[in-house]
Amino acid sequence: MNTPSQAAIGRALMLSPATITKNKKLGMPVYSIEAAQAWRVARQNVAARKPAPPVTFPTPSPPRSYGRVGGDHFQSMIKEYETEVAVLDSEEDHDAARTRLRISEANLSEMKEAEEKGSLIRLDAVKAVLSVAMATAREALLQIPSRMAPLLAAESDPGSVQNLLYAEIHQALELLSGASVRLGQQSADLE
C-alpha cells in the first residue's frame with residue numbers, strides 16, 4: 001500500500017500545506033488519509049465536533065385577510081406578518097445563542113488550559129515587556145553618538161573606529177535580544 005504524500009492528505013482534508021505540517025508536528029499520522037482524519041476529529045473542539053443543527057427558515061403564513069388593501073387594514077396586515085417573523089427569529093436566536101455560549105465556554109476552557117501550560121501568554125504582558133525593551137534599546141542607540149564622539153575623534157585608524165561602533169551597537173541590540181527572557185519572567189509574575 002502506498003502512503004499518500006502530505007500534499008495529498010491536505011487536498012483530501014481540504015487543509016493548507018502549512019496546516020498539515022503544523023498538525024504533523026503535533027502528532028497527526030501521515031501514513032493514511034483516514035488516520036489523519038480520525039486524528040483531527042479526535043482533537044477537534046468539542047463544540048465544533050457536533051454537527052451544526054440544520055437551519056430552517058419556515059415561512060410565516062400570509063396575512064389572513066385578502067380584502068381591500070389600504071389604510072389601517074394594510075398596516076395591521078404588516079404588523080401581523082412582522083410579529084410572526086419576530087417569533088420565528090427569536091426561537092432561532094435562542095438556539096444560536098445557546099450554541100455560541102457552549103462554543104465560547106469551550107474556547108475559554110481551552111485558552112485557560114493553554115495559558116496554564118505556558119503555550120499561551122497574555123497580550124498585556126507582551127506589550128509591557130516589549131514596550132520597555134524598545135524604549136531601552138532606543139535610548140541606548142540614541143546615546144551612542146554623544147558617548148562615542150570623543151573616543152572616535154581621537155582614533156585615526158578606520159578599523160578601530162568600526163570596531164568601537166560595532167561594539168556599542170551590539171551592546172544596544174543585546175537589550176532587545178533579552179526581551180523574550182524578560183517576557184517569560186513577566187508572564188510567570190502575572191500568575
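**Entry 1: a leucine to start from**

In which helix is Leu141 found? I looked it up, and Leu141 sits in helix H6. A reminder to myself before going on: this is a predicted model. Next I checked the cover over that side chain. Leu141 has 38% relative accessibility, so I noted it as partly exposed, since that class lies between the 20% limit for buried and the 50% limit for exposed.

**Entry 2: the patch around it**

I then asked which residues make the nonpolar surface patch together with Leu141. My list has Leu130, Met134, Leu165, Ile169, Leu173 and Leu176 beside Leu141, and the patch covers about 540 Å². Two elements give two or more residues to it, namely helix H6 (123-154) and helix H7 (158-177). Which of them gives the largest share? H7 does, with four residues.

**Entry 3: the whole chain**

I stepped back for an overview. I found eight helices and zero strands in the protein chain. Read from the N terminus, the order of elements is α-α-α-α-α-α-α-α. The chain has 191 residues, and 17% of them count as buried. Its accessible surface comes to about 14,500 Å², with 60% of that belonging to carbon and sulfur atoms. For contacts, I took the pairs at least 6 apart in sequence and found that 51% of them join residues at least 24 apart.

**Entry 4: H1 against H2**

Two packed helices are described by the angle between their axes and the distance between the axes. For helix H1 (residues 6-13) and helix H2 (residues 17-25), the axes come within 9 Å and cross at roughly 105 degrees. I therefore wrote down H1 as roughly perpendicular to H2, because angles of 65 to 115 degrees fall in that class. Which residues make the contact? On the H1 side I have Gln6, Ile9 and Gly10, and on the H2 side Ile20, Thr21 and Lys24.

I also looked at Ala7, which has its place in helix H1. Ala7 is partly exposed, at a relative accessible area of 44%.

Most residues other than glycine have a negative phi, and most peptide bonds are trans. Met14 has a positive phi, near 60 degrees, though it is a residue other than glycine. Is Met14 buried or exposed? With a relative accessible area of 76%, Met14 is exposed.

**Entry 5: salt bridges**

How many salt bridges does a search of the whole structure find? The search turns up three, and I went through them in turn.

- Lys117 pairs with Glu113, and the closest N and O atoms are 3.2 Å apart. Both residues lie in helix H5 (residues 71-117), four residues apart, which is about one turn of the helix. Lys117 is exposed at 64% relative accessibility, while Glu113 is partly exposed at 42%.
- Glu139 and Arg138 meet through their side chains at 3.3 Å, N to O. I have Glu139 down as partly exposed, with a relative accessible area of 40%.
- Glu168 pairs with Arg147, with 2.5 Å between the closest N and O atoms. Glu168 lies in helix H7 and Arg147 in helix H6, so this pair ties together parts that are 21 residues apart in sequence. Glu168 is buried at 15% relative accessibility, and Arg147 is partly exposed at 37%.

**Entry 6: back to H6 and H7**

Helices H6 and H7 are the elements that give two or more residues to the nonpolar patch. The salt bridge between Glu168 and Arg147 also ties H7 to H6.

Key: Residues numbered from 1 in each chain as written. Predicted model: local features only at pLDDT ≥ 70, side-chain atom pairs only at ≥ 80, totals over all residues. Heavy atoms only, no water. Patch = residues over 30% accessible without salt bridge, like charges linked within 9 Å, V, L, I, M, F, W, Y side chains within 5 Å. Areas by Shrake-Rupley, 256 points an atom, 1.4 Å probe, with all protein chains shown as cover. Salt bridge = Lys/Arg side-chain N within 4 Å of Asp/Glu carboxyl O. Buried < 20%, exposed > 50% of the residue type's maximum accessible area, 1.4 Å probe, protein only. Axes fitted to C-alpha atoms, helices over the stretch in contact; angles between N-to-C directions. Parallel < 35°, antiparallel > 145°, perpendicular 65-115°, else oblique. Contact = heavy atoms within 4.5 Å.
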